[in-house]
Amino acid sequence: MSGAVDTSAAELIEGPAVEPRPSAVRRFVNAWLVRRLFKAVLTVFIVTTGTFFLVRLLPGNPVDTYIQTQIAQTGISYEAAAAQAKNLFSLDPNEPLIAQYFHYMVNMLHGDFGNSLLSPGTTVASVIKTYLPWTLFSVGVATVFSFAIGIVAGMIMAYRRETWVDHLLTSIGSVLHAIPNYILAILIVVFLGVKLQVFDLTQARGSYTPGVTPSFSLSFLNDIFYHAMLPILAYALTTVGSWALVMKSSTVETLGEDYVTVARARGLTDSRIRSGYVGRNAVLPLFSQLAVSLGFVVGGSIFVEKIFGYQGIGFSLFNAVNGRDYAVLQGIFLVVTISVVAANLLADLLYSRMDPRIRVQGKG
């Protein structure tokens, strides 16, 4: 009897015991991931399908050009030239478009993206494998530098707002943000390359110096930085302004939060408040944008690489558009789509991980 009374008293004081339900949280997380993955796969499918039909709306056909060239040079029949084109390009120009689409999707699911129409015998996978790393290197390095500089400049503008430092940095950031990267690339070529001759544009062309063997050595690293210096400069200058302006706005908003006021009232040092309270929370929106911007690395390099002659994936994409290389176009656009979709998914995961309020709202 006394045991029952003690138990009732304990329940009155402490409240009834609540059993933890980790399974409900796990089901929520799993359902959220499944929905996001389903949307990602659906997006890739829609873009891949649209790309297949859109690239065939471009005027001109490399297969017909090859057939006419073979007929004119060798005098063979149209059927024989078409058979050669089919063997070389894995493409039958007389096949219905729906049948071509079906064969393309089946081959893609098996990891076969076809062969390049401009370089018969060269697979699309080998083209992407050859050119993509150089674009990832140049744009990746530029993004890291511009992101770091933008964060620092944005916090300086926020802490020195309404001073000449704020006005100067804001003006510079606005101008750099408004200039497209290909326009800045042209200005670099004209002024630094031709007028002032600061750079030797002829030697800087390409991904690395011809005859140099790629290796993990200091000399090769110095060589690839030399060739990627101009694209990195164009990418960094045109993106640092946006990072700085966004960071300034986020920092000014964070400085007005109540927890910053409480931290100052507690007597915490300015450096502690700046790093632990203001900077950590103000940088959250930028991390999500950083993940998304990394997804556009592939597609945003086409004009800059062509202007500087830097042989990355954008350079290859430009040549594929001019040569109507359907297979390479489809392969590169597929890589762009997957990178953007994966970056958006990564941004959602990072933001919900860094800001617990997102997880709480999601559970609600």
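The model is predicted. The chain has 17 helices and 0 strands, and 37% of its 364 residues count as buried. A search of the whole structure finds 1 salt bridge.

**Overall fold and surface**

- Among contacts between residues at least 6 apart in sequence, 72% join residues at least 24 apart.

**Annotated regions**

- An unreviewed UniProt entry lists residues 37–58, 131–156, 168–192, 224–246, 282–308 and 328–351 under "transmembrane region".
- In the model, residues 37–58 are 86% helix and 0% strand, and the end C-alpha atoms of this span lie 32 Å apart.
- Residues 131–156 are 100% helix and 0% strand, with 38 Å between the end C-alpha atoms.

**Nonpolar cores**

- The largest nonpolar core has 21 residues, of which Phe137, Ile188, Ala234 and Phe308 touch the most other members.
- The elements that give two or more residues to this core are α6, α8, α10 and α14 (302–308).
- Helix α10 gives the most to this core, with 8 residues.
- A second, separate core holds 17 residues, including Leu117, Val124, Ile128 and Val336.
- Leaving aside neighbours within four places in sequence, phenylalanine 308 is in contact with Ala185, Ile188, Val189, Arg205, Leu230, Pro231 and Ala234.

**The salt bridge**

- The side chains of lysine 248 and aspartate 166 meet in a salt bridge, with an N to O distance of 3.0 Å.
- Lysine 248 lies in helix α10 (residues 218–255) and aspartate 166 in helix α7 (residues 164–178), so the pair ties together parts that are 82 residues apart in sequence.
- Lysine 248 counts as buried because its relative accessibility is 19%, and the cut-off for buried is under 20%.
- Aspartate 166 is also buried, with a relative accessible area of 2%.

**Threonine 254 in helix α10**

- Threonine 254 is found in helix α10 and is buried, with a relative accessible area of 5%.
- A polar atom of the threonine 254 side chain lies 2.7 Å from the backbone oxygen of serine 250.
- Threonine 254 and glycine 279 are 25 residues apart in sequence, and their C-alpha atoms are 8.5 Å apart in space.

**Serine 207 in the α9–α10 loop**

- Serine 207 is placed in the loop between α9 and α10 and counts as buried, at 4% relative accessibility.
- The side chain of serine 207 reaches the backbone oxygen of glutamine 311 at 2.9 Å.
- Apart from neighbours within four places in sequence, the residues in contact with serine 207 are Trp134, Ile224, His227, Tyr310 and Gln311.

**Positive phi values**

- Glutamate 162 has a positive phi, near 65 degrees, in a residue other than glycine.
- Glutamate 162 lies in the loop between α6 (124–159) and α7, and this residue is exposed, with a relative accessible area of 64%.
- Glutamine 197 is not a glycine, yet has a positive phi of about 55 degrees.
- The loop between α8 (181–195) and α9 (201–204) holds glutamine 197, which is exposed, with a relative accessible area of 62%.
- Arginine 324 follows α15 and has a positive phi, near 55 degrees.

**Helix α15**

- Helix α15 spans residues 313–322.
- The buried residues of helix α15 are Ile313, Gly314, Phe315, Ser316, Leu317 and Ala320.
- An α-helix has 3.6 residues a turn, so residues three or four places apart point the same way.

How values were computed
Residues are numbered from 1 along each chain as its sequence is written. This is a predicted model: local features need pLDDT of at least 70, side-chain atom pairs count only at pLDDT 80 or more; totals for chains, interfaces and linings use all residues. Side-chain values use heavy atoms; hydrogens and water are left out. Buried means under 20% relative accessible area, exposed over 50%, partly exposed in between (1.4 Å probe, protein chains only). Helices (H or I, at least four residues) and strands (E, at least two) are DSSP runs, numbered from the N terminus. A salt bridge is a side-chain nitrogen of Lys or Arg within 4 Å of a carboxyl oxygen of Asp or Glu. Contact means heavy atoms within 4.5 Å. A polar contact is a pair of N or O atoms within 3.5 Å; within protein, one must be able to donate a hydrogen and the other to accept it, and residues adjacent in sequence count only if both atoms are side-chain atoms. UniProt positions are given in the numbering used here, feature names are shortened, and annotations may be inferred rather than shown by experiment. A nonpolar core is a set of buried Ala, Val, Leu, Ile, Met, Phe, Trp, Tyr and Cys residues joined through side-chain atoms within 4.5 Å.
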